[in-house]
Amino acid sequence: MSAFYLNSIQNFIHESNKSIIGSLTRESGLAGFHELKHSQTLSWDEEIDVLKNALKQLTNRDKSARDFGILLEYPIARREKRIDVVIVGNNILIVIEFKVGKAEYLSADKDQLLDYCLDLRDFHFQSRNKTIIPILLATTATSFVNQPLVSRDWVQDVLFANENNLTNILIEIFKKYDSPKKQLDFTIWNNSDYSPTPTIIEAAQRLYAGKSVAEISRSHAGKKNLTKTSNAVVEAIKIAKSKGEKIVCFITGVPGAGKTLAGLNIAHDKEFQQNEKSLATFLSGNGPLIKVLREALSRDAHKKIKKSDIASKKKETDRIIAFIENVHRFLDHYFFEKDRIPNNKIVIFDEAQRAWNAEHSMRKFQRPFSEPEMMFEIMDRHKDWAVIVALVGGGQEINTGEAGLPEWGRILQAKFPSWKIYISPQLKAGDHSTGNLTLFEHTPNNLKIIEDEDLHLSVSIRSYKAEELSRWVSLILTNQSAEAKRVFNDQLLNYKVVITRDLEKAKQWLKTNCKGTRRMGLVASSGARRLRPLGLDVKMPLEEEQWFLNGKDDVRSSYYLEIPATEFGIQGLELDWVGVCWDLDLRRKGKMWSYNAFKGTKWQSVDKFENQKFLTNKYRVLLTRAREGMVIFVPRGEGNDLTRPINQYNAIADYLISCGVVEI
């Protein structure tokens, strides 16, 4: 990954435009495209003139600037785009987005520029802890009076420039931000490691387009990365295929570790494509996840198809439906037709801990069997080899009827002992990342179990600034405030978590921190019924596709901070910045949590252990959805409303503050 052109500022000034454009054209691959080449070279020529004029004046005033670096067309792989210009100073980076011939500064252009800068800050090794100044340059725009405040963030506010005032802006930048001590080398910066962590939506789009997501394996997650996990499963599948075995692989991991992504990666591995058909299929019972991913893929695909081409659109729609299938439809299609053998030899079952037990399966679909039993029965029909890959999110069972891990173990032991089992040590012993559950209460003697540590994803790639976030959340939910505070202070320094008692403050905090096209939204427990007086109604229907995918100008989108997503709408998905709205369904009682449900006109105690566990897990899901940071909003309560007692809300806030969170 390197720029099409790089040089010192001094050499750039003295090199001819023709030579610079020649380098850009060769690197871009436009040499054979005359019309595109002509249009682009005219634009480059004007950019170079503006830059040379400004940089000549800068270096006349400050001779040290001659040795600074300039890079043109620097790639941002995650965006599949290139930055027009990067100027590398002693200790700062100036990122310039040119809009040649434009007289306006558009919001979309500003967001695009900020996206570049944020990606450099978060994923570009040589840019970490460096001040980054974005400049949006519309060549023919009228001069704009920039009044930037020095931001605590490494990415500063966008400055607006035109072809005439770039010099003065650059002079002010170097005077205000740069240091005389040289800490950046532009040639080293150009070749820096760039390890983005895409969202699940971005990753699905990349996989669907037949591209790799291998760069994730080079991220901060270190040795516990997705590639090792995917490879471990692929290798187990190859052995099963060669020996004619039936196997089940359990992939475990902390919230946000990338289990769904690992599953998609395996399902669409080239190893399992045969005569344009896949031996593997990805199954999910998570309705919102299916809807959001299918809609995102559909929007992406339909951009490339003419509106009138109905046949191509239908073909693409069929492809998208096959990319991520609904597990309930899969089971219905095969289970009651006993002689029907699945087309796929490999099934990946997402969120396997949420598979339904027999009672719920009967109540919902008149199927008197648990979903794990049905899945094994269907896949066992293959005469030779078959594979089930179960993706398990520990501590994330959130609803009545979800069988959890023990049901998978029970069915294996009682009815399918011939299946070989691959598990992680964490799943065998149980720890916080598996919800302290194990596959078997006692290790059975009649099963062949193979342990592989690569089947466990111990590091969150969702919260890439806080690998210990899930542990901190687990400590909060298990009443370990002192240890939670220690983990918060030691491990969560780069991950912003604050608390407020004011909803408007929470919203303003989100708006201030969420930049570019990064996404923010409010979330709340489905049992948070007394947030309604504050305008947050968890019973209001959520159009998940619009909420997660629509832009800042759409009232249905998460950006509007009006409709909170519950644990059911957001599980398996994520936002960059989250406002967690806390209610009295989970409150403090002395040094422990108290579990409650709002029924009729009052709160009632939840005494059944299973339902208490579901309630705890709801908040675990909500507290682990943010990639960059979150604000926790705890209402103040209302003295005249018995359903919103002030002292109960105060107790929740005090406890969270004791866990390390700072109030704003």
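Visitor: What should I keep in mind before we start?
Guide: It's a predicted model, where local features need pLDDT of at least 70 and side-chain atom pairs count only at pLDDT 80 or more, while totals for chains, interfaces and linings use all residues. Residues are numbered from 1 along each chain as its sequence is written, and side-chain values use heavy atoms, with hydrogens and water left out.

Visitor: How many helices and strands are there, and what makes something a helix or a strand here?
Guide: The protein chain has 23 helices and 24 strands. Both are DSSP runs, numbered from the N terminus: a helix is H or I over at least four residues, and a strand is E over at least two.

Visitor: What share of the contacts comes from residues 24 or more positions apart?
Guide: Counting contacts with a separation of 6 or more, 75% are between residues 24 or more positions apart. A contact means heavy atoms within 4.5 Å.

Visitor: Why is Leu-24 called buried?
Guide: Buried means under 20% relative accessible area, exposed means over 50%, and partly exposed is in between (1.4 Å probe, protein chains only). Leu-24 has 1%, so it counts as buried. Its place is in helix α2, residues 17-28. Leaving out residues up to four places away in sequence, Leu-24 touches Phe-4, Tyr-5, Trp-44, Leu-72 and Glu-73. Across the whole chain, buried residues make up 58% of the 664 residues.

Visitor: What about Glu-73: where is it, and is it buried or exposed?
Guide: Glu-73 sits in strand β2, residues 69-76. Its relative accessibility is 9%, so Glu-73 counts as buried.

Visitor: What makes the phi of Glu-73 worth a look?
Guide: Most residues other than glycine have a negative phi. Glu-73 has a phi near 60°, a positive value in a residue other than glycine. Glu-351 also has a positive phi, about 50°, although it is not a glycine. Glu-351 lies in the loop between β12 (346-349) and α13 (358-365), and with 11% relative accessibility it counts as buried.

Visitor: How do you know that Glu-567 and Ser-526 make a polar contact?
Guide: A polar contact is a pair of N or O atoms within 3.5 Å; within protein, one must be able to donate a hydrogen and the other to accept it, and residues adjacent in sequence count only if both atoms are side-chain atoms. The side chains of Glu-567 and Ser-526 make such a contact at 2.5 Å. Glu-567 is in helix α21, residues 567-570, and at 0% relative accessibility it counts as buried.

Visitor: Which residue does the side chain of His-328 join in a polar contact?
Guide: That's Glu-371, whose side chain is joined to that of His-328 by a polar contact of 2.9 Å. His-328 is in helix α12, residues 327-334, and its 13% relative accessibility makes it buried. Not counting residues up to four places away in sequence, His-328 touches several others, including Gly-285, Trp-356 and Phe-365.

Visitor: Why is Trp-547 called buried, and what does its side chain reach?
Guide: The relative accessibility of Trp-547 is 1%, so it counts as buried. Its side chain reaches the backbone oxygen of Ile-563 at 2.9 Å. Trp-547 lies in helix α20, residues 544-549. Leaving out residues up to four places away in sequence, it touches Arg-519, Leu-542 and Leu-575, among others.
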